[in-house]
Amino acid sequence: MRASPLARTIEQFCDNRLFDGVDVDVIERIAPKIGVLHKKPGEVIFREGEPGDSLYLVGEGRIQIAKTVDTGDHEIVDYVDQGSFFGANALLAGEPHSTTATAVKPALIGALTENTFQEILELSPGRLHMNFLRAVTARIRSANAHFMRETVRAERLRVASALANAMIHDLKNPVCIARCCSDLIATESVDGHLRELSTMLTDTVNGILGMTLDLVDYTRGSISVTKRLVSIWRLLDELNRQSLHLLPSKNIEFVKHIRYQGNVDVDLGRFARALGNVIENAIEAMPRGGFLTFTSDTVEDQVVLRISDTGTGIAPESLSTLFEPFERHSDSHTNGVGLAIAKAMVEANGGKISIRSVADKGTTVDIRLPKPKGE
């Protein structure tokens with residue numbers, strides 16, 4: 001006789017670490033009491049502050065555990081993969097959840113109520129205590145590693161902030177001299193090529209100063225923007241001035257798919273520099289050349305901008321930390337703050353940024369902005 005779909009589903013929880021060494025008859029007795037939850041990517045299993053009245057087993061998928069920080073954002077503190085469990089701290093302490101659990105991939109979750117958990121504890125106390133001890137030890141190690149990463153990152157940001165402030169101070173005189181020289185050339189010269197070079201010099205100097213100011217604001221944790229309506233074509237012009245003009249020398253062909261030609265409400269300089277950081281990463285991913293595609297479109301009340309490359313792609317294990325500052329990835333020689341600043345700038349302009357990638361095929365950066373009213 002074939003097992004029912006529910007029975008087959010329950011079987012996926014039987015190999016969970018919670019049941020390591022637990023007698024089969026105990027598991028069979030408990031199995032019918034496991035509540036089955038199916039969660040799509042982005043769906044929440046429980047939120048910070050909600051009652052901690054259940055323990056959760058991961059039968060399939062991956063769960064992100066995040067905590068609200070002082071800025072109001074959510075900081076990822078852990079991931080729980082298939083075969084493990086979560087929610088134990090709140091259940092054992094009888095307190096509300098201190099974190100939020102969200103499905104990263106399509107997930108199959110088994111929920112054990114407090115009564116069911118107590119029953120397992122009574123039936124197999126020795127094994128359950130050992131399994132919990134091992135799980136707690138693993139979480140402590142993970143928490144310690146996370147704490148050390150955050151401590152090192154905070155110190156690096158402090159140093160970066162000090163350096164950026166010093167750079168701005170030291171750059172004032174050279175920037176003023178370069179601007180004066182550029183303006184003088186533009187005013188006095190009748191050579192069109194020389195005037196064009198003068199404009200490029202001014203743009204480069206302004207870009208260096210702008211990037212330094214972006215770094216200072218990022219390290220301070222406070223980014224101010226002056227937004228105005230600009231068309232997609234105006235944004236592309238700014239991108240061309242800042243970064244797209246480098247593509248031909250890198251044997252990279254630029255492709256445009258402009259399905260939305262309206263306006264976006266952004267701080268043009270800062271937003272374009274954020275996209276420039278993305279484009280710079282794309283260029284590095286295509287050392288032998290390739291295609292860089294810019295797409296503009298709309299989805300409901302959002303303007304969607306996509307930048308895609310045909311480069312080397314990003315390893316799956318690196319995707320979750322791409323926007324973290326100073327994270328070194330095996331497929332990159334850089335470990336700076338470029339993408340972290342890009343994310344902060346996009347969010348300061350009211351948008352969201354995400355990345356998807358396929359190894360050896362390329363990467364797509366997806367940016368979504370609120371569609372201006374009347375567009």
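**Side-chain contacts**

Modeller: The side chains of Thr363 and Ser357 are joined by a polar contact of 2.8 Å, where a polar contact is a pair of N or O atoms within 3.5 Å, and within protein one must be able to donate a hydrogen and the other to accept it, while residues adjacent in sequence count only if both atoms are side-chain atoms. This is a predicted model, in which local features need pLDDT of at least 70 and side-chain atom pairs count only at pLDDT 80 or more, while totals for chains, interfaces and linings use all residues. Residues are numbered from 1 along each chain as its sequence is written, and side-chain values use heavy atoms, with hydrogens and water left out.

Biologist: Where does Thr363 lie?
Modeller: Thr363 belongs to strand S15, residues 362–370; helices (H or I, at least four residues) and strands (E, at least two) are DSSP runs, numbered from the N terminus.

Biologist: Is Thr363 buried or exposed?
Modeller: Thr363 counts as buried because its relative accessibility is 10%, given that buried means under 20% relative accessible area, exposed over 50% and partly exposed in between, with a 1.4 Å probe and protein chains only.

Biologist: OK, salt bridges now. How many does the count come to?
Modeller: The count comes to ten salt bridges, each being a side-chain nitrogen of Lys or Arg within 4 Å of a carboxyl oxygen of Asp or Glu.

Biologist: Which residue does Asp366 meet in a salt bridge?
Modeller: The side chain of Asp366 meets that of Arg306, at 3.0 Å from N to O. This pair links distant parts of the chain, since Asp366 is in strand S15 and Arg306 is in strand S13 (residues 302–309), 60 residues apart. Asp366 is buried, with a relative accessible area of 5%.

Biologist: And what about Glu119 and Arg29?
Modeller: Their side chains form a salt bridge of 3.4 Å, N to O. Glu119 lies in helix H4 and Arg29 in helix H2 (residues 24–30), so the pair ties together parts that are 90 residues apart in sequence. Salt bridges that share partners also join Arg29, Lys33 and Glu119 into one network.

Biologist: Which residues are buried in H4?
Modeller: In helix H4, residues 114–123, the buried ones are Thr116, Phe117, Glu119 and Ile120. They are on the same side of H4 because they cover an arc of only 155 degrees around the axis, the arc being that of the directions from the helix axis to the C-beta atoms. On the other side of H4, Asn115 and Glu122 are exposed.
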